[in-house]
Amino acid sequence: MRIACAFDHAGFPLKPLVLETVRSLGHEAIDLGTNSTDPVDYPDTARDGADAVLGGQADRSVVVCGSGAGVAVAACKFPGIRATCAHDTYTAHQAVEHDDVNVLCLGARVIGPALAAEVIAAYLRAEFSGEERHVRRLGKIDAIEREFSR
């Protein structure tokens, strides 16, 4: 898979690990920056990760800020993006298997490097189950998104 990887200034310290982990699992890592700890607004980082998926440049994204929460909130504003903040392996794989999540959000100030690598691996190894109950629930989410789209 092609995995877009985007970081704000707080997420930057985790960047080398994220890129290395994605590549070590046999995926193409697309580096969307940032390239320093100079301040970057997390909504812009979330946009970069979401746009890569929506535009077809990436199959999924990993987006990192300080807590993971900000980029998750921002990424979920893009129609067609299903983002989650996951700091454990169960959430990382279950969110893909049940909710077809396409953007993983991590908090560099929350998760350590060893666990971050395990979480990314769980996310990238997971596949959407396609089970009827999950398809039905995603249909309801899509309906909500359409109802409130301008």
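**Close-up 1. The cysteines C85 and C105 in the predicted model.** The sulfur of C85 lies 6.5 Å from that of C105, its closest cysteine sulfur, which is too far for a bond. The structure as a whole holds 0 disulfides. C85 is partly exposed, at a relative accessible area of 30%, whereas C105 is buried, at 0%. Here buried means under 20% relative accessible area, exposed over 50%, and partly exposed in between, with a 1.4 Å probe and protein chains only.

**Close-up 2. The largest nonpolar core.** This core has 25 residues, of which C5, V18, V22, V62, L104, L106 and Y123 touch the most other members. Two or more residues each come from β1 (2-7), α1 (15-24), β3 (60-65), α4 (89-99), β5 (103-107) and α5 (113-125). The largest share, 6 residues, is given by α5. A nonpolar core is a set of buried Ala, Val, Leu, Ile, Met, Phe, Trp, Tyr and Cys residues joined through side-chain atoms within 4.5 Å. Helices (H or I, at least four residues) and strands (E, at least two) are DSSP runs numbered from the N terminus.

**Close-up 3. A second core.** A separate core of 14 residues includes A74, F78, I81 and V103.

**Close-up 4. The surroundings of C5.** Leaving aside residues up to four places away in sequence, C5 touches V18, L19, V22, A29, I30, D31, L32, G33 and V62. Contact means heavy atoms within 4.5 Å.

**Notes.** In this predicted model, local features need pLDDT of at least 70 and side-chain atom pairs count only at pLDDT 80 or more, while totals for chains, interfaces and linings use all residues. Residues are numbered from 1 along each chain as its sequence is written, and side-chain values use heavy atoms, with hydrogens and water left out.

How values were computed:
A disulfide is a pair of cysteine sulfur atoms within 2.5 Å.
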